[in-house]
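Keep the view open as you read.

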Amino acid sequence: MSTLSEKMAQRRISGVRNSDDARRVARRQLPRAIFDYVDGGAEDEVTLGWNTQAFRDLAFEPRGGTWIADPILRTKVLGLDLSMPVLTAPCGGMRLVHPDGDIGIAAAASKAGIAHVATSASGFSLEEIAQTPGPQWFQAYRFSNQEAMKTLIHRAKAAGFEGLVATIDTSVAGNREKDFRNGFSYNMSINLANVVKMAPKMASRPGWVYRFMRDGMPFQLPNTADLTVDGKPMELTEMTRVGKDSHSPSWEDITWMRANWDGPLIVKGILNVADAERAKRIGVDGIIVSNHGGRQLDGAPATINVLPKIAEAVGDDVVVMLDSGIRRGSDVVKALSLGAKAVLIGRQPAWGLAIAGEYGVSHTLEILRTEMIRTMRLLGCPSVDHLDPTWVAERPLGRIVATRQ
Ligand SMILES: Cc1cc2nc3c(=O)[nH]c(=O)nc-3n(C[C@H](O)[C@H](O)[C@H](O)COP(=O)(O)O)c2cc1C
């Protein structure tokens, strides 16, 4: 039986019709520091803006007069049988958004028939996340130390994760200035003084404060418990502080992963052909064309703009996926047309989570599915397997790429 607050949350999300709505409602639920942490990008947020604009700059080339009753979205990606070509992206700090956190995201993904990629920077331990039904991949950070990374990967293997994702764009944390302005980092070391300091800012979000306190104020990263010198888990911003060593796996680390991980290995954060080819030479199974949702290097290109040449360069040997800026089902269809086999979404499920926990994530996933189905029907395209560059044109001129058959 739902509690009153759950019922209210479900009512709130029922009015959400698209990702903009979800963002707007989530903003009213979250304290500003948490909203900005999820929403914000690096520095001037140029890349963040490009990510969504680049999708808008692409037009479709629909085939009229075609009646597709039931377009096929189901697809297979590296052993995953997905009801639609979407995975939920690894996102640190989700337990700050709602106590369901990334377990709620993983559970909603599983119920939707898709897969979740679990972050190392979770408020839950990877073993806890692995308990959620449904297939999942594990995203490994290096946490400034190769031994730390290896420990995590061995644990991930033992916990039953099917795929391993190496994120290569996080040598150091992006310069997300809103977080500094909001005092997001000092707030991380939760103590009475900070609680008193933050109280006025939190007062307008009593629902969030209540849930957060009841959840035990989980600021730490349990996955890091046995990696630190004192044996205590790192705090969220401790891993993003400017250290001397990289938080991202290096190419040597990825070579080590290839030799020591027999399941699918995927590199996340590819933005150019040279890195894609390097990943292919190492023998990875997949790559994710990603700029980390505009949160790392400001000025990095929009992923949809670099996707076609990367997809063409690696050919069919490596499965190409994309994230950063997906807000509509039509964006998924554009990415698939230009060479992606599937996409990952970060902020969209996070907004659903903020509004109504796992239930809210499910709602946002079903919006995306409904939008994809309608787009495919309006295009006159029977199956995601039929999508290729001929369905997409640059606005308002001719086709931008028509290379891959
Ligand atoms: C709040 C937040 C935390 C993130 N944490 C991680 C992380 O721990 N590991 C990682 O590889 N990517 C992380 N990302 C990046 C996402 O995996 C993904 O690349 C990005 O969100 C996609 O862009 P979108 O938000 O526009 O969908 C994070 C993104 C957000 C919004």
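## The model

This is a predicted model, in which local features need pLDDT of at least 70, side-chain atom pairs count only at pLDDT 80 or more, and totals for chains, interfaces and linings use all residues. Residues are numbered from 1 along each chain as its sequence is written, and side-chain values use heavy atoms, with hydrogens and water left out.

## The whole protein

The protein has 17 helices and 14 strands. Both are DSSP runs, numbered from the N terminus: helices are H or I with at least four residues, strands are E with at least two. Of its 405 residues, 57% are buried. Buried means under 20% relative accessible area, exposed means over 50%, and partly exposed lies in between (1.4 Å probe, protein chains only).

The protein exposes about 17,200 Å², and carbon and sulfur atoms supply 52% of that. Accessible areas come from the Shrake-Rupley method with a 1.4 Å probe; for residues, only the protein chains shown count as cover. Take the contacts with a separation of 6 or more: 72% of them join residues 24 or more positions apart. Contact means heavy atoms within 4.5 Å.

## Around the ligand

How many residues surround the ligand? The shell holds 23, and the closest are P90, T119, T167, D323 and G325. By class, the shell has eight nonpolar, ten polar and five charged residues. Here Ala, Val, Leu, Ile, Met, Phe, Trp, Tyr, Cys and Pro count as nonpolar; Asp, Glu, Lys and Arg count as charged; the others, Gly among them, count as polar.

Some atom pairs stand out by name. A polar side-chain atom of D323 lies 2.7 Å from a ligand oxygen atom. For G346, a backbone N or O atom lies 2.9 Å from a ligand oxygen atom. A polar side-chain atom of H292 lies 3.3 Å from a ligand nitrogen atom. Taken alone, the ligand exposes 600 Å², and the protein buries 98% of that.

## H292

H292 sits in the loop between strand 11 (286-289) and helix 15 (303-314). Is H292 buried or exposed? H292 counts as buried, because its relative accessibility is 15%. Beyond its neighbours within four places in sequence, H292 is in contact with Y141, T167, D169, T170, K268, D323 and S324. The side chains of H292 and D169 make a polar contact of 2.8 Å. A polar contact is a pair of N or O atoms within 3.5 Å; within protein, one must be able to donate a hydrogen and the other to accept it, and residues adjacent in sequence count only if both atoms are side-chain atoms.

An unreviewed UniProt entry lists H292 for "active site". For "binding site", the unreviewed entry lists Y37, Y141, T167, R176, H292 and R295. UniProt positions use the numbering given here, feature names are shortened, and annotations may be inferred rather than shown by experiment.

## T167

T167 is in strand 7 (residues 163-167). T167 is buried, with a relative accessible area of 0%. Not counting residues up to four places away in sequence, T167 touches Q139, A140, Y141, S248, P249, K268 and H292. With Q139, T167 makes a side-chain to side-chain polar contact of 3.4 Å.

Technical notes
A residue is near a molecule or strand if one of its heavy atoms lies within 4 Å of it.
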